[in-house]
Every structure is written in C-alpha cells, then in structure tokens.
Amino acid sequence: MNAGKTRLNQTPEWTALGKHREQLGHTHLRELFAADAERGDRYTLQVGDLYLDYSKHLVTDETLALLRELAAATDVAGLRDAMFRGEKINTTEDRAVLHTALRAPRDAVIEVDGENVVPSVHAVLDKMAAFCEKIRSGEWTGHTGKRIKNIVNVGIGGSDLGPAMAYEVLRSYTRRDLTVRFVSNVDGADLHEAVRDLDPAETLFIVASKTFTTIETITNATSARDWLLSNLRVGPDAVAKHFVALSTNAEKVSDFGIDTANMFEFWDWVGGRYSYDSAIGLSLMIAIGPDRFREMLDGFHLVDEHFRTAPAEANAPLLMGLLGVWYGAFFDAQSHAVLPYSHYLSKFTAYLQQLDMESNGKSVDRDGNLVDWQTGPVVWGTPGTNGQHAYYQLIHQGTKVIPADFIGFAKPVPDLLAGLVPQHDLLMANFFAQTQALAFGKTPEEVRAEGVAEELVAHKTFKGNHPTTTILAEELTPSVLGQLIALYEHKVFVQGAVWNIDSFDQWGVELGKVLAKKIEPVLTEGKGGEQLDSSTTTLAGKYRTLRGR
Ligand code: F6P
C-alpha cells in the first residue's frame, strides 16, 4: 500500500503508532533502562566508523517495530531504490536525484535517461584533481606570474554551505599556507572582509553556482572581478587566470567571461544542497588535496551502501528518520537540535539547516494536497559546550520536546598542540554528562536528599526524559565527515518518503527572489512603490529617507 493514496495519518500503521503513544504515556527513560539492563548495548548500531547509541530515546521494541511498519507501508525502500536507480523522483522538477552517483566507484553503472553518468563524474573529479595539483604546486600562477595563495569561493546556499562547512571540519588536513575564504552574502561587507587584506595577484576566485543565475552570486562575482581588475590595473584577459566556475550552465559561465575550459561541471540531477561532493567542493579539494577528498567520497559511499542494503532493523538513516517522524507526529516536537562536541563542526548544523529544512520544509504532498501532519523540523544548534552556557537551560527545564543529536570523537585532531590534548577528556566528559542528565534528570527526592531548601526543590529538579542520539567516532577524518553527511542526507530522505513530500525541490525560495527584484527600483529610484502593500511602501519610503534620497 502506498500512503500517497491513503492519507498518511489514515493508515492503520499511523493509527497503531498513535495508540501505542497513548499507552506509552509518561513512561520515563529511567523506567525503560531499569526494565532492561542491556538497553545501552542493545539499542546501538555501528555503521562504518560511526557508533550510534539510540537507547536514550522514548521508544520500546514495539515502538521501533511499529515505526518500521510505517516505513514499509509508505514504501521508503521502494523510493530509495528508485533514487539509487536514477529514476526521476523529484517529480515537480522532473529530475533524477543522484548525489549518490557523485561518490560511486569508477566501475559503477548508474544511468540517467539511458546514459551511464559515472564516467562523467570521475572525469570531472580527475579534472578537479589535476587543477588542484597545479594550484598546490604553484604551477598555476596569477596573471602577473605570482603563485596563488588565496582561494575565495563565491556562492550561496548549497554552493557555499557545504564547502565552507567541510573546510572548517577538515582544517587540520588543509594546507595551512593557503588562505581559503567563502563569500555568500550579497551584503558587500562579506566580500569586503574576505578580500581586504588579500593581494589580488595571488587570489583565485571560484564562482560556484549551479544555475549561474543566482543574483547574490553573480553580483558578488562581478564585484570581485572589478576589485581584481582595478587593483591589478589590468584588462579582462586577466580573468582567465583568476576566475574559475563550478556550474551546470556553460552558456552563462561563458557570458560572465570565464573560459569554459576553466569550468568544472556538474549536472541537474545533483541538488544544490546535495552538491558539495561534486565540483562544488573544488575549494575544499584545493585545501585538503585530492587524496583526502577521495577519502571523504569513500566515506559517503560507505553509508550510501549501508542505507541501500542494511536490513530495516539495522539501518541507521532509516532509524534516525523514523525517530524524527515519531517525535514530530506523536510528541509535537517542533525542532531538532544537532549538538557537535567538536570545534571543527562549528558550521555543521548551519549546513544541515539547508539540507533538512530546504528539503522537508513543505506543506503539500507529492500530489499537491495539503498535509495535515508535521513535516520537517526546525534544525538548530551550535557546538555543545558553548551551547551548555547558552540555550541548554531550555532543553533541560523548558516546556518543549527537543530531540537532539550529540556528535563526539574519541580522539582530538592529530595536529592539536600537545598541551591542549588533555582538554579533550574534559570536552567529552561534558558530552556524556549532558545526554545522561537529559535522559535521567534529577528527581525532587534526589534534590531534597542534598539538603536543598524546600522552596527551591522544584527549581532544582530536572524532569529528564529528553530524547537524544549519541554518535561517537574514533576521530574526525575526511571519511568520517563523508559518513556523517551521508547519514543525514539519507535521514532527510527517509522522512520525506514517509511524509510523502518532494524533498528535492525548493519552490518556497522563489517568491522572495521575485519580490526583491520588484522592490529594488523602489529603493533606488523611488519608482513602483504604489504597487506594494502599505507596510512595504512605508518601509521603503523610510529607507529612502534614511539613505538621503
Ligand atoms: O536558495 C535557493 C537555491 O536554489 C538553493 O537551493 C541553492 O543551493 C542556492 O539557491 C544556490 O543556487 P545556485 O547554485 O544555482 O547559485
């Protein structure tokens, strides 16, 4: 049965979950752990280098079985297999969804419209690798003959967040003598701060845009070109040595003035937010080198294979996706926190925000009907220890249900200054302490036993029962990063499949773009304001006055 035909929340599997939720009532994690001494061992999975502990979730064997039945009823596996086969499962854009082909081995065969795409994927990877070696060795020089020392990626959304995040994550693997920066915001301050201390003669701009029409990117790239040419006091022929493009749109790249020989291609079956392991990762590849980049791709592929082949009981992305469905539907959880205990993962959650929220922030199903169940959560979070001194108060004692993922590593990065290595145990002690506190809390009796004055007992009580997943790996390597990202990609996939939404379009970003185009002349020339609503007209007028127009 396909839940696209029977409304999801009218399926027997959904109803069974609802009943089960009622029976579970206020069952506490303390009780679930007390009832099963093996729970902390049993509710775990090992996927590649990732150890996943889901024991601190508000689930029993029955919950998990019912969730798997929901996955079967909504044919998650069928859609997954269609995705891997290259079928056009992004129906509103009539596109295949094949980010998994970006990390497929050379001898794999994956067809789109009858053509095997794997050779093209590897041809681009090889071209990227050759270019990286030229930059890293100094063979590729700027227009004046100086060695390239600065790389500036200009892109936004999926053409920025992935490489910017991964560059931070893998900093200890990067060539420290290269400066790598990322410009995304159309606020000129972003480009200004990125280039103000750079020598243009030593700077390479990578213009990253799938469509090569995104106004923010084209505006910033044009300004970057002006900055370069005017500071070097050279003509447009200098562009060839200082600008390369990452895109699916050769025509627009050429219109911009970039030689298409210096374009690294990808394809319409790669969604923007699923693209950083394509040519969009060129800045990262320059920073970490082609070998490390390929290790990362292997990490992605490992989890792709796990997702494709592991049985439902042991399938980590399936499990993570279903847990999110469970909390959204039956606990009214509105958000999901991702809390890495690694400084290098500082941009990880921001990356996941686009991955998850642009994919599953939808309110109509695949057939265009309004859904009446919760879809994608608000994804948020920052590195955990800093969060502990900011918003963890609300997670511990607030009124909201916030499932959270805790991500940590047994070893610090290899090149950490020796004197800082002991700090890692303190970091990880916090990591383990937080999930323990969130799960089990502190009862009023325990508080009283500490001699706390009665009027403070309620304030110092921790209800606990807050669900968390712990993801632990030995070390944060390129492969582990690939594994983590693929895990979340497929988790998002699972949820979209259950909710019967198209996780691969993003029509919700269009309206604002169109309106901005209409509003710009109102701001600059004072024209067209009468077409706007009274609030926006008044605000535009106020803006013009403040701008002295
Ligand atoms: O914000 C919408 C969006 O289309 C994203 O999906 C995409 O990642 C981003 O804009 C950038 O698009 P492009 O790579 O085409 O410049």
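Analyst: A residue counts as buried when its relative accessible area is under 20%, as exposed when that area is over 50%, and as partly exposed in between. The model shown here is predicted. In it, histidine 301 has a relative accessibility of 21%, and therefore counts as partly exposed. Histidine 301 belongs to helix 13, which covers residues 290-309.

User: Which residues does histidine 301 touch, if residues up to four places away in sequence are not counted?

Analyst: Histidine 301 then touches Arg103, Ala104 and Pro105, and its side chain reaches the backbone oxygen of arginine 103 at 3.4 Å.

User: Is serine 335 buried or exposed?

Analyst: Serine 335 counts as buried because its relative accessibility is 14%, which falls in the class under 20%. Serine 335 lies in strand 10, residues 335-340, and its side chain makes a polar contact of 2.9 Å with the side chain of tryptophan 380. Leaving aside neighbours within four places in sequence, the residues in contact with serine 335 include Pro377, Val378 and Trp380, as well as Val401, Ile402 and Pro403.

User: How should I read the backbone angle phi, and where does a positive value occur in a residue other than glycine?

Analyst: Most residues other than glycine have a negative phi. Aspartate 113 has a positive value, near 50°, and is found in the loop between strand 3 (111-112) and strand 4 (115-116). With a relative accessible area of 65%, aspartate 113 is exposed. Aspartate 332, which is not a glycine either, has a positive phi of about 55°, and is found in the loop between helix 14 (316-330) and strand 10.

User: Which residues come nearest to the ligand?

Analyst: Of the 14 residues around the ligand, those that come nearest are Ser159, Ser209, Thr211, Thr214 and Glu358. A polar side-chain atom of serine 159 lies 2.6 Å from an oxygen atom of the ligand, and the value is also 2.6 Å for a polar side-chain atom of serine 209 and for one of threonine 211, each taken to a ligand oxygen atom. Taken alone, the ligand exposes 390 Å², of which the protein buries 86%.

User: Where does the ligand sit?

Analyst: The ligand sits in the largest pocket.

Terms used. Residues are numbered from 1 along each chain as its sequence is written. This is a predicted model: local features need pLDDT of at least 70, side-chain atom pairs count only at pLDDT 80 or more; totals for chains, interfaces and linings use all residues. Side-chain values use heavy atoms; hydrogens and water are left out. Helices (H or I, at least four residues) and strands (E, at least two) are DSSP runs, numbered from the N terminus. Buried means under 20% relative accessible area, exposed over 50%, partly exposed in between (1.4 Å probe, protein chains only). A polar contact is a pair of N or O atoms within 3.5 Å; within protein, one must be able to donate a hydrogen and the other to accept it, and residues adjacent in sequence count only if both atoms are side-chain atoms. Contact means heavy atoms within 4.5 Å. A residue is near a molecule or strand if one of its heavy atoms lies within 4 Å of it. Accessible areas come from the Shrake-Rupley method with a 1.4 Å probe; for residues, only the protein chains shown count as cover. On a 1 Å grid over the protein atoms alone, a cavity is a set of points where a 1.4 Å probe fits but cannot get out, and a pocket is an open set with protein on both sides within 12 Å along at least five of seven lines; lining residues have an atom within 4 Å of a point. A molecule sits in a cavity or pocket if more than half of its atoms lie within 2 Å of its grid points.
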